[in-house]
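Open the model in a viewer and keep a selection tool ready. The tour goes through one interface, stop by stop.

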Amino acid sequence: MAHATPQGIKLLNGWKRPGRFDKGLGAQLPDAYKKFWREWKLTTPAAVHYIPKEQQWERDEVTHAIKPVQNIPLPLIDPPEAHQGIWGGEAVIKGFQKRHQTKRRVPHFWVPQLKRSVVHSQVLNEYMSVVVTERTLEQIHECHGFDHYLLKNLACDLRSALALKMKRQVLQALQQGCPNLADEPKLQKEVLKEYSQYLESYTPEEIDWYGHTYLEAIRKLQNKLREAERVQPHKVEFRSKLIDQLRQAGINEAGSATKLEKPATTDGEHKDSDIEALTKLESPSASSSWLSKINPFGKKET
Amino acid sequence: MQSLLSSIRALAVRQHPGDALRCLHLTAVTEAARKGTREKARKKKVKVEVKKVGFIPHNQRDNKINVKRADKHVDDSWKQVPKDDVYVGRYYRWTVYSVAEAIQCHRETHHPSMYNVPNAPLNVEIELNMQGEKATRFVDNFQRMAMIPHKFAHGEERKIIVFTKGNNEIIEAREAGASLVGGVELIKDITAGELLLSDYQYFIAHPNILAELIALRGLMKRKFPNPKSETLGTNLAEMITKFSNGISYSASKDEYQQNFGLISACVGTLDMDGQQLEENIRYLLQDVDTMRPKREGRFINRVLLKSPPSSEQLKIDPFVYVPELWDKSTMKPKREPSGKKVEAEEQDQAVAQQASN
Amino acid sequence: MLKSISQLQVHFNLLKSATSLQQQVRTTFILKRKYDPLLHKTNENPRRMRAKNFIYELVEDTQVKKRPNMEVVLKTFVEGVGDKGDVVSLKPNFVYNKLLLPGLAAYKTPENIEKYAKTEAEKSTVQHSSAYAQRTVNMLESIVLAVVMNKDQPWVIEPWHIKASLRKAGFHCKDECITLPNERIEGPDLKKEGKDFYCTITINKLEQAKLKCRLHHWSTDPSERLPYVLEHWKIPSEPLLGVNLPSEKNV
């Protein structure tokens, strides 16, 4: 049995079911993304919908025995709508209500009260209309700014994919020196000074991989791998070499040696663009005399 | 057994045919019913007279029952205090004037160049919180005579009749300005019917003549001299000046808002001295304060000075002359010792009884 | 693989989020489990939860409570609120939507208070004496003040007449703030009935308002009174002859 597991004979630490990062493209994701994933999905977020007990031990009410305090968080549900807005740590709670002692429990969904409001990012110099809750605004006020709110809170506290994407954008803007504030250099300086402290805890690679959902990360990785393995077709390579050799040899049709290079075109659009260019060179130019226009082999008009 | 029953039957009850079982019970009419049952039955029988309201057109019918009325106790503490020297009054708290400033304002509007009524009466409107000691009970409407140091023409006809024995007192009373003074012979005149009591508004008496005065109690009814309304006392001159020159005011509750009471009284005219008017207001407020209920919170809410024909209402601060909140410490010492004494006495009595037993 | 690492880090992370917990403002509904799940061994995963553990009771719904006022520092003069550098405490919605987002105010921190405090130069050039002065000026300029004078007694218009008339109309001011026109307006003169003149009101010794006043004669004796004119302020104005606007120098 143990021989069939990844650990093999060394199956001492228990049976580990392979997760998303253990097979396929997931395994190839960089450590930076795995760190972000840990921060987002695997850390316990701050208590929003319940009050955790601060002390370590407590007495049982009935038996008066001492027992440890184990704050088990409420399981929250993030609907797709939550990832379209910034709900500030709030989520939908699925549970039951016991309305009366003699009545059967009744299923109930506690949904946060949403409203659409505008949020301003100083670093990105933008006003954005988002669906928020009262709690989001309160937290923004507490942190003295939307950017501070995004940068101070962990991914698990921010919860929504949109908030994390915004955080990545803010971090990237700070890394590049606030390009959106290029028109106001004074403000740019102040903003950089204020927010530079947050850049210290992230490496550039981490910022690059921050805030992506798993599928987005896989896509990104896929694109990167495809870019890496993309090879220029041999024919293109041989053709351009040939043209260069002809040019060197001094053949007019190949163009002058000092000719400017054409702007690079993508592979898909003009596969045989070099051939087309050569054929265009063969055809007579527009400013030639009337003699060249007449066709000596054409039909005589009677 | 049967014969006994049959005899009782003959005495007490009408026989119902086929009612043999019931006769055994010796019906409730002969027995005393449980306490209160008969009272209850009697009360039920009393016919409740339905008040005939008459025809109310449909658009006025349910008007006055559930109408939401604004609280007459106006609270503007949420408004700001004005900081500029020129401001629009409706957005800020009412300015609290001193009495002198308020009188000055009224004098400006009543100046010969404007309204030209320099001798206009100065009215005081006092808004009261008529909440009693309990939340649901309210202070009753009262009507009092406030004594003021500086008299003014109130334009009311006040005839005072004074009952007292002793010549000194009679002379004293006459000098003070009573319209009629007398003793036992006056009482005899009234009972005979030569004098009509309805001609006179106020009755003042000295305690020495109280014995004879009781004969007139039925005629005088509410106006009978009693120490609570200060019509019965030894200092006749003072009482007479009070009733002839004082301010007669009445506090009435609003019919829809029971805890709102209003007093409207005239304290003088605008051509009197400012100091005198202030003193009059002070005495009036102190008199109102004596009717204060013994509970927490304010009694006098707001005092406004008005002067017709102007419709201006100028707010003044009454708490310069009168304490704002009821002082608990004035009440407790009276109650506790007496309460303790009573308890101690009871304990002693109980102990004595036990000892004797 | 990641979960085991995360469990070790859970305590560390809990601590991390706990520091922000103490300052957290709870604006949401707070639930409590009716039946707590049984204790689990310390280093193991929590027990599988049954439907019973999902029965919650509402402890508090903070949406219905009143939120306390928010304090901010104003960056510029805002009418009806305050001047530059003022620390203002108002309702949170108004502050966020009308002051913070448009950039008229900033959060209250010691640095911000220092940054937006008025400089000496700005203090000397006072443009607005108070947040509400401009509004008072607008209101004064929009009314036609009825100055009621006596029909029989001789009078000359003085500042306290205007002050008393303003008080009757609901505006409070002082004698020093009123500047009458240079000419004497005497009466009683029925030719002047219903005619207008202007006087200047100076607010906080800075803002000035041009107040339109209309003369009315009133008699103490009701039989001699002039007939009541309905909504006299809507009648087109006729200037009092020979009376010009008072000079606009600050008093």
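**Interface of chains B and C**

Three salt bridges (a side-chain nitrogen of Lys or Arg within 4 Å of a carboxyl oxygen of Asp or Glu) are counted between chain B and chain C. This is a predicted model, in which local features need pLDDT of at least 70, side-chain atom pairs count only at pLDDT 80 or more, and totals for chains, interfaces and linings use all residues. Residues are numbered from 1 along each chain as its sequence is written, chains are lettered from A and ligands numbered from 1 in the order in which they are written, and side-chain values use heavy atoms, without hydrogens and water.

Select B:Glu108 and C:Arg167: their side chains form a salt bridge at 3.7 Å, N to O.

Next, show the elements of chain B that give two or more residues to the side touching chain C: β1 (87-88) and α4 (99-109). Helices (H or I, at least four residues) and strands (E, at least two) are DSSP runs, numbered from the N terminus. The largest share of that side, three residues, comes from α4(B).

Now select β1(B) with strand β8 (residues 171-172) of chain C; the two pair in the antiparallel sense over two bridges (pairing requires at least two DSSP bridges). Within β8(C), C:Phe171 is the bridge partner of B:Val88.

Finally, select the whole contact (heavy atoms within 4.5 Å): 23 residues of chain B against 30 residues of chain C. Color B:Asp85, B:Val86 and B:Met114, which supply 29% of the area that chain B buries against chain C, more than any other three residues. Buried area is the accessible area (1.4 Å probe) that two parts lose on being put together, summed over both.
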